[in-house]
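Keep the sequence and the 3D view open as you read.

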Amino acid sequence: MPEASTATFEKDNFNAEKYVKNLVQDCVGGPELLQTKQKIQSLSETVSSTLKKHVYENYMQFIETAKEISHLESEMYQLSHILIDQRNLLTTLRDESLLDEQKNIIEEQSLDPNVNEEQQNRKAIQLIKESLIGYKGNLDDKVFIHEGGLIELDSNDYRPICRIHLFLFNEVLVLAKVKNEKKLEFQTEYETKNIAVINIKDLDGVNKNAINMITSDAARMFQCMNPTAKQEWLEKCELAIKFHQVKKPKKAPAPQPPTSLKFDAPQKSTDSELLALSPTASEMGRVIVENLPPDWLVTAPEEIQAEIAQRHFEDSLALLQKCDEHLAQDSSFHGAADVKEKVKSLKASLASVLMHELSNSQSRSLQAALRSSRRPLKLLVEMEKSREACGILLRVCTSAIRTSQRQARRNNLAVSELFFCDVALVASEFLRAFNAKAACTSALIVWCNMELQYFASQLIKHYLTKDTQLEMVAKVVEGVREPCLKLREIGLDLSYHMEGLLRSTLGQLLDEARYRLVDSIGRTEDPWQPYNLQTKTGLRTLLKEFDTLGIDFRAYVTGDTWINLTQATVNFCRHLLQTTESCAFLAKYDSLQRDAEMLIRELFLSQHSIKPPNSLNADMNFVAKNKSYMAEVLLPTAMGRFERIADKKPELLAELHAQLRTAAAPPKPKPRSVYQTDVL
């Protein structure tokens, strides 16, 4: 008997079947086989326990490895931050060195201090023109104030975008991009009266020495090289804005801008100092103390700037209103004029930021744009900026609606229902935001008319083109009419205007359809024989189809599969009723009713006037029966269907029906002469 051991099973050439055969041959009797089985079973249990032990050890090693990896990941994260800080530091040093080379273009040209200020200004402007590439503006009548290099930052993640060089004049701010060749390429310019500069508080590790410039088209963030440069830019920009408030005399030389706009409150004198003064000086000091503004008013401009930069618009507006109320009650303190000017400038800055915030929602969907516009709209209405705000809101809504319409056309969606739902949404949101501003309602009405005109033009361009089937035309018009009528629920009725915009196009389509349908009558030869459906199933299907159209052919069924009318008559019944349904939908517009009835009338008369050719030996009684059916059954059914859908009586069709009944009436017998005699 072979000895069972784990070494036997671990061999590469181990074969289980061969091993069992050898085991059976070598073992004598059942007891030896059972003994060998028990040994193999014990080996299996030993191997199983060993495997579990190894699995547990591997699992513990895996946990330890995971911990090491976690520690390593933390260290790598810290190392990554260190590298980022080093990179930012090197980038700052590099940019600072590059910007220092161009920081003062005017100083590098070494202006002569002995020359007067006007000549220095002209020379400075000439040097700036020579250093700018691609600038074609006029700087001759401007006053140069300040220049320097900054780094433009991304307003979302504060990532550096590019190096910018700014030239500040009394009327314009010129921006130039620093190229790799250390050249200045003109980028854009802004009027200083339309910009606002906001101080941004420094955040550790994110941005430092940054300022936010609110312009007429966007908000741009710039980073200065150090706090001194930042403070200098803030003062110079405020100086340029202040320049517009200084009136120039007619003949006197141009006034120099004030050196500083920063409001510095006088130091308050202590009581002991006042007592040490003479009575007159003490009284004068008391007057000065009484004329000082409150501390919160002195620091209010800086707090408002910080609130605007942090997007706390409600708090900044509340503080502005508080300043207005205080200035309205007491404006006799020292420096009140400067405070008023600062508050006025900050109001303009806040309004510009809110306008920009409102305009930024134009790339979103309509629902998202309206949701995001509620906050700035509310604040702008409180600031009495309703007219400007409603104009921006409606422009944003126009962009969102037209984008959704293009997407709906590409995806083959119901554009009409989507459009009028969007209009209703805009109108509801508009009335909610400007419910107390009756003057803004006219802007909404004008906007609705303009959008309706654009929508009608796109509807005609894409869905009501030439050769469009009449059934599709009716479907499109009905899809427009129903959602348009729902606008009446919010007090907005555009149905009449919509009808006027589509009237000409729909009239042309009805005329084209009339010529096309009438021309198709009689193109196929009619054998003028009863219609054989071939099978009972076919007959039942046809009867059910015409039941839905309002016609019962059961009285004309003969035999198992015959209808005692021609196939042309049966097919025309289907065709006329379907055409009548489409025309009835169009006839809901009063201006289209006559054209729609004219189409049905001419189509009916074209079929009714068909006669069998002379070469065909047709039964004239059968021909008369078909014509009688059309006049007595088909036409009244079509009239009822028209009236039920259009909710109007078809007067032209009623006249036609009366004429046909008169023509089909049997002739009156001629009166006979009665002769009388006297014969008894």
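Helices (H or I, at least four residues) and strands (E, at least two) are DSSP runs, numbered from the N terminus. With that in hand, look for Met 498, which is found in helix 17 (residues 495-520). The model you are viewing is predicted, so local features need pLDDT of at least 70, side-chain atom pairs count only at pLDDT 80 or more, and totals for chains, interfaces and linings use all residues. Residues are numbered from 1 along each chain as its sequence is written, and side-chain values use heavy atoms, with hydrogens and water left out.

Is Met 498 buried or exposed? Met 498 has a relative accessible area of 0% and is therefore buried; here buried means under 20% relative accessible area, exposed over 50%, and partly exposed in between (1.4 Å probe, protein chains only). Leaving aside residues up to four places away in sequence, Met 498 touches Phe 420, Leu 452, Phe 455, Ala 456, Leu 459, Val 480, Cys 484 and Tyr 589, where a contact means heavy atoms within 4.5 Å.

A nonpolar core is a set of buried Ala, Val, Leu, Ile, Met, Phe, Trp, Tyr and Cys residues joined through side-chain atoms within 4.5 Å. The largest one has 118 residues, and Phe 434, Met 498 and Phe 553 touch the most other members. Phe 434 has its own set of neighbours: not counting residues up to four places away in sequence, Phe 434 touches Leu 377, Val 381, Ser 386, Ala 389, Cys 390, Leu 393 and Cys 440. In soluble globular proteins, nonpolar side chains tend to be buried together.

Next, turn to strand 2 (residues 144-153). Strand 2 is largely enclosed by the rest of the structure, because 10 of its 10 residues are buried. Two strands count as paired if DSSP finds at least two bridges between them. Strand 2 is joined to strand 3 (residues 160-169) by 9 bridges, and the two run antiparallel. Strand 2 also pairs with strand 8 (residues 219-223) in the antiparallel sense, over 3 bridges. Ile 151 lets you see both pairings: it stands opposite Arg 163 in strand 3, while its bridge partner in strand 8 is Gln 223.

Now move along the chain to helix 18 (residues 536-549). Its 14 residues reach 20 Å from first C-alpha to last, close to the 20 Å expected at 1.5 Å a residue; the expected span is 1.5 Å times one less than the number of residues. The buried residues of helix 18 are Leu 539, Leu 542, Leu 543, Phe 546 and Leu 549. They cover an arc of only 110 degrees around the axis, which puts them on the same side of helix 18; the arc is that of the directions from the helix axis to the C-beta atoms. An α-helix has 3.6 residues a turn, so residues three or four places apart point the same way. The face turned away from the buried side of helix 18 carries the exposed residues Lys 544 and Thr 548.

What do the buried residues of helix 18 pack against? They pack against strand 9 (531-532), strand 10 (557-558), strand 11 (562-563), helix 19 (567-586) and helix 21 (620-646). The 3 strands form an open antiparallel sheet in the order 9-11-10. Strand 9 and strand 10 stand at the edges with a single partner strand each, so one side of each is left without a neighbour in the sheet.

Finally, a word on confidence. The predictor's confidence in each residue is its pLDDT, from 0 to 100. The mean pLDDT of the protein is 79, and 83% of its residues reach 70 or more. Confidence is highest in helix 19, at a mean of 93, and lowest in helix 7 (residues 271-276), at 39. Over residues 247-289 the pLDDT is below 50. Where pLDDT is low, the predicted coordinates should not be read in detail.
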